Amino acid sequence: MSLSMYGHIDNVFHSGIDVEYCTVGEHWNAEGLPATGDAIKRTPFYATVQPLSPRETQALGIADERIGDYRKIYINSGDIKAVTLTGWWEMLGERWKPVSTDLRPARDYLKVIVARYDV
């Protein structure tokens, strides 16, 4: 009998979804959104998204902030060199702020920890 994970993976684990990394020019309004007239550059990726464990949030020192949700994004293809901490991510119908990145362009590997702020 072969090993099967059917029924063991909950709804939080998303294997292979479309995500977008977004950046704009230097102009921002008072709400922290792109100023009118600035073009938003969207870079699409196909990624694996996983929740962050409580231990990982403590290790990053971000457990005290008012955050609604943390996720890890793993990407192995695309223009990963364009990703920085200055943009934001759009996935699962929400906007996410990058907290940390682990970029290894020689291996086509990118891990981004993102946070969705509780509004």
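# Rings, cores and charges

Mentor: Ring pairs link Tyr-21, Phe-45 and Trp-89 into a cluster. This is a predicted model, where local features need pLDDT of at least 70, side-chain atom pairs count only at pLDDT 80 or more, and totals for chains, interfaces and linings use all residues. Residues are numbered from 1 along each chain as its sequence is written, and side-chain values use heavy atoms, leaving out hydrogens and water.

Trainee: How many aromatic pairs does a search of the whole structure find?

Mentor: Two. Rings of Phe, Tyr and Trp (for Trp, the six-membered ring) pair if their centres lie within 6.5 Å. Planes under 30 degrees apart count as stacked, over 60 as edge-to-face, and the rest as tilted.

Trainee: Why is the pair of Tyr-21 and Trp-89 called tilted?

Mentor: The ring centres of Tyr-21 and Trp-89 are 5.2 Å apart and the planes stand at 50°, so the pair is tilted.

Trainee: What is the geometry of the pair Phe-45 and Trp-89?

Mentor: That pair is tilted too: 5.8 Å from centre to centre, with 40° between the planes. Phe-45 lies in strand β2 and Trp-89 in strand β4, so this pair ties together parts 44 residues apart in sequence.

Trainee: Are Phe-45 and Trp-89 buried or exposed?

Mentor: Both are buried. Buried means under 20% relative accessible area, exposed means over 50%, and partly exposed is in between (1.4 Å probe, protein chains only). Tyr-21 is buried as well.

Trainee: Which residues touch the most other members of the largest nonpolar core?

Mentor: Val-19, Phe-45, Ile-73, Ile-75, Trp-89 and Met-91, out of 16 residues. Strands β1 (14-23), β2, β3 (67-75), β4 and β6 each supply at least two residues of this core.

Trainee: What makes a set of residues a nonpolar core?

Mentor: The members are buried Ala, Val, Leu, Ile, Met, Phe, Trp, Tyr and Cys residues, joined through side-chain atoms within 4.5 Å.

Trainee: How do you know that Thr-43 is buried?

Mentor: Its relative accessible area is 12%. The limit is under 20%, so Thr-43 counts as buried. Thr-43 is in strand β2 (residues 41-51). Leaving aside neighbours within four places in sequence, Thr-43 is in contact (heavy atoms within 4.5 Å) with Val-19, Glu-20 and Tyr-21.

Trainee: What makes Arg-42 and Glu-20 a salt bridge?

Mentor: Their closest N and O atoms are 3.0 Å apart. The rule asks for a side-chain nitrogen of Lys or Arg within 4 Å of a carboxyl oxygen of Asp or Glu. By this rule there are five salt bridges. Side chains of opposite charge can pair when their charged atoms come close.

Trainee: Which other residues meet in salt bridges?

Mentor: Asp-69 and Arg-71 do, at 2.8 Å, N to O. Arg-104 and Asp-102 do, with the closest N and O atoms 2.9 Å apart. Salt bridges that share partners join Glu-20, Arg-42, Glu-90 and Arg-95 into one network.

Trainee: Why is Arg-71 called buried?

Mentor: Arg-71 has a relative accessible area of 10%, and the limit is under 20%. Arg-42, at 39%, is partly exposed.

Trainee: How do you know that a charge sits over the ring of Trp-96?

Mentor: The charged end of Arg-116 is 5.9 Å from the ring centre. The rule wants NZ of Lys or CZ of Arg within 6 Å of the ring centre and within 35 degrees of the ring normal.

Methods:
Helix = DSSP H or I, 4+ residues; strand = E, 2+ residues; numbered from the N terminus.
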